[in-house]
Amino acid sequence: MVQPVFCRMPTFEARVALATTAETLFDFIVRPDNLLEIMPSSTPLEVIDGPERLELGSELVVDLDGFGPTQRLAYEVTAFAEPRTFTETMVTGPLEAWAHCRTLVPTDGMVELIEEITFEPPGGLAGLMLTASRIQESLESSFAHRHRRLREILEAE
């Protein structure tokens, strides 16, 4: 009997501890307009459609530059437990799959933000250029910038 083979999708994880509360951080990251404040200038982002504040079932449409022509991406919030966690899952976009889970863990007067992204690079010709390792490198740089900006914004209050 042939056993099925299950492939594990590539995963990226980034963590940052911030001197703020889980409620303050959660409220900041569920507002799509705040994403514009923390994105690196090398990856311009424009919110095309979405609510003022995300909740379970919300849809968010953005245009993202950075890997060739501008890409239109649509996400749905597929998990939401305020103020601890939420997940955005890509509905349409250039990758085969994408899910971004954010988890907030309060510790010793701070809150740790754990961001885990599972993804599947595109197939075909696009997959030759947009490989898992290239996506990982981009995520490392982007999230280092995003976490620096979160610290600047939220710890300055």
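Which residue in β6 does Thr87 stand opposite? In this predicted model, the residue facing Thr87 is Cys101 in β6.

**Sheet architecture**
- The open sheet is built from 7 strands, arranged in the order β1-β7-β6-β5-β4-β3-β2 with antiparallel pairing.
- At the edges lie β1 and β2 (45–49), each of which pairs on one side only.
- From one strand to the next, the twist averages 25 degrees.
- Strand β5, spanning residues 85–92, is joined to β6 by 5 bridges in the antiparallel sense.

**Helices packed on the sheet**
- Helix α1 packs on the sheet through contacts with β1, β4 (71–81), β5, β6 and β7.
- The direction of α1 makes about 160 degrees with that of β6.
- Helix α4 also packs on the sheet, where it touches β1, β6 and β7.
- The direction of α4 makes about 15 degrees with that of β1.

**Helix α4: span and burial**
- Helix α4 comprises 23 residues, 132–154.
- From the first C-alpha to the last, α4 reaches 32 Å, which is close to the 33 Å expected at 1.5 Å a residue.
- The buried residues of α4 are Ile135, Gln136, Leu139, Ser142, Phe143, Arg146, His147, Leu150, Ile153 and Leu154.
- The cover over these buried residues includes strands β1 (11–18), β6 (97–107) and β7 (110–120).
- Helices α1 (22–29) and α2 (32–38) are also among the elements that cover the buried residues of α4.

Notes. Residues are numbered from 1 along each chain as its sequence is written. This is a predicted model: local features need pLDDT of at least 70, side-chain atom pairs count only at pLDDT 80 or more; totals for chains, interfaces and linings use all residues. Side-chain values use heavy atoms; hydrogens and water are left out. Helices (H or I, at least four residues) and strands (E, at least two) are DSSP runs, numbered from the N terminus. The expected span of a helix is 1.5 Å times one less than its number of residues. Buried means under 20% relative accessible area, exposed over 50%, partly exposed in between (1.4 Å probe, protein chains only). Contact means heavy atoms within 4.5 Å. Two strands pair if DSSP finds at least two bridges between them. Axes are lines fitted to C-alpha atoms, for helices over the stretch in contact, and angles run from 0 to 180 degrees between N-to-C directions.
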